[in-house]
Amino acid sequence: MRISYQYKLRPTKQQIGVFESWLDKLRCQYNYLLEQRFDWWEQNRCAINACPLICHLPELKDNPSYYDQKKSLVKLKEDRPWYQEINAQVLQNCVERVHKTMERFLKGDKNGKRSGRPRFKGKGRYRSFTYPQLGKNPISGNLINLSKIGWVKMIVHRPLPEGFVLKTATVSKKADGWYISLSRQDKSVPDFISEVVPTKDNSIGVDLGLEKIVSTSTHESVAPPKHFRIAEQKLSKLQRRVASKPKRSKARAILNRKIAKLHQKIARQRKQFHFETVKWLLSKAEVVFIEDLQVKNMLRRCKPKQDENGKYLPNGQSRKVGLNKSFADAGLSQFVDLLSYKAEKAGLKVIKVDPKGTSQYCSSCLNRVSKELSDRWHCCYYCGLILDRDVNSAILIQKVGMGIASLKNACSASTRARSQRCTA
Ligand SMILES: [Zn+2]
């Protein structure tokens with residue numbers, strides 16, 4: 001089993017200087033290696049319909065692979081001796097990052113999901129470096145030994161568990177200082193696999209939303225604290241002040257730091273709230289059925305609308321902005337990730353359920369009761385059930401998850417809108 005712990009570092013001024021200089025050198029190297037990859041890719045790709053059958057083929061270059069780029073580091077250290085200051089494995093990790101980001105761009109991750117085109121990192125955008133392995137007994141009291149840097153003080157706010165072997169250490173720069181995350185592995189502790197069988201009593205259905213972040217099938221709900229909305233005014237005031245200061249001035253840098261700290265505070269408040277809600281939820285049941293949300297799709301911008309002259313028409317994006325902000329403020333995907341992680345750690349189970357139709361059907365008689373987003377109550381004309389619409393959805397999610405109800409023939413919101421438009 002692998003777990004990671006994060007501690008705040010208390011480096012000396014000289015150590016901060018070393019951290020900063022390493023990050024800048026690694027950033028340059030990262031950009032150079034990425035450029036090498038892009039070069040080869042641009043020269044050697046050709047769309048199948050754009051390729052003539054007879055053409056002159058330029059001399060093919062070798063694809064700069066992970067190992068080739070790793071080998072090039074030897075030459076780099078000869079040509080640019082200042083790279084010798086950096087720990088060799090930290091430098092190799094930079095190559096690995098380039099490799100991973102290109103792989104994710106060209107081939108996708110294990111689920112085949114491709115990321116966007118990797119970006120070159122501007123000044124201050126390369127914020128962490130990783131030691132893939134640490135020396136023997138790297139921790140003594142509140143000090144950690146980092147190769148080529150020395151003993152660095154850290155705040156051990158909680159003890160590291162015994163019996164684990166330190167795997168990697170990542171030093172990262174955040175708005176309020178430097179942090180180190182230590183990942184530890186213990187092969188004798190197996191990964192948690194829960195074998196709980198869901199029943200009506202030991203399970204719970206959960207509906208996620210914006211008005212109530214969590215509504216459960218046990219008729220309970222939690223309202224989102226809206227940390228971003230509360231701080232929004234303060235933030236916009238600071239941003240206005242930044243805009244009035246000349247570029248590269250000291251005043252601008254100070255204000256930017258203030259903004260970064262405020263964003264960090266909002267993120268931490270949100271995370272704290274998520275931890276508390278997850279704990280509360282997992283104390284209620286052994287199996288949690290949750291809707292399988294596509295948060296990324298929800299945050300999409302509206303498609304632009306044009307008339308026949310090419311003039312842009314209102315497309316409802318200004319209204320969507322507020323909704324997107326609230327989605328981002330709720331942090332639903334972080335909540336779902338945290339719930340799955342914590343459940344796994346506690347030997348419990350989280351099962352994702354297709355949410356199709358769960359807002360439009362009755363949880364008691366399974367008949368279709370259409371409602372708009374503004375209708376907050378579920379009133380069934382068939383069986384007379386009156387319920388909060390989110391609680392109705394949560395009960396349905398539990399039923400669908402357990403296989404008691406099936407909504408396979410339910411149509412999605414977009415199909416429904418299309419059919420309504422057609423009939424009108
Ligand atoms: Zn009903």
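This is a predicted model: local features need pLDDT of at least 70, side-chain atom pairs count only at pLDDT 80 or more; totals for chains, interfaces and linings use all residues.

Residues are numbered from 1 along each chain as its sequence is written.

**Overall build**
- The protein has 10 helices and 16 strands; these are DSSP runs (helices H or I, at least four residues; strands E, at least two), numbered from the N terminus.
- Its C-alpha atoms fill a box of roughly 80 × 65 × 50 Å along the principal axes.
- Of the 424 residues, 22% count as buried, meaning that 20 or more other C-beta atoms, placed from the backbone, lie within 10 Å of the residue's own.
- Take the contacts with a separation of 6 or more: 65% of them join residues 24 or more positions apart. A contact here is two C-beta atoms, placed from the backbone, within 7 Å.

**Nonpolar cores**
- A nonpolar core is a set of buried Ala, Val, Leu, Ile, Met, Phe, Trp, Tyr and Cys residues joined through C-beta atoms within 7 Å.
- The largest one has 31 residues, and Val206, Leu281, Val288, Phe289, Ile290, Leu339 and Ile397 touch the most other members.
- At least two residues each come from strand 8 (203-208), helix 5 (250-282), strand 11 (287-291), helix 8 (332-345), strand 14 (349-353) and helix 9 (389-402). Helix 9 gives the most, with six residues.
- Leaving out residues up to four places away in sequence, Ile290 touches Val206, Val336, Leu339, Val350, Lys352 and Val353.
- There's also a second, separate core of 28 residues, with Tyr126, Leu146, Ile149 and Leu166 among them.

- Strands 11 and 14 pair in the parallel sense over five bridges, and Glu291 stands opposite Val353 in strand 14.

**Helix 1**
- Helix 1 (residues 13-44) has 32 residues and reaches 47 Å from first C-alpha to last, close to the expected 46 Å, which is 1.5 Å times one less than its number of residues.
- Its buried residues include Phe19, Trp22, Leu23, Leu26, Tyr30 and Leu33, as well as Arg27 and Arg37.
- Among the elements covering them are helix 2 (66-79), helix 3 (88-106) and strand 6 (165-174).

Technical notes
A residue is buried if 20 or more other C-beta atoms lie within 10 Å of its own, exposed if 12 or fewer, and partly exposed in between; C-beta atoms are placed from the backbone. Two strands pair if DSSP finds at least two bridges between them.
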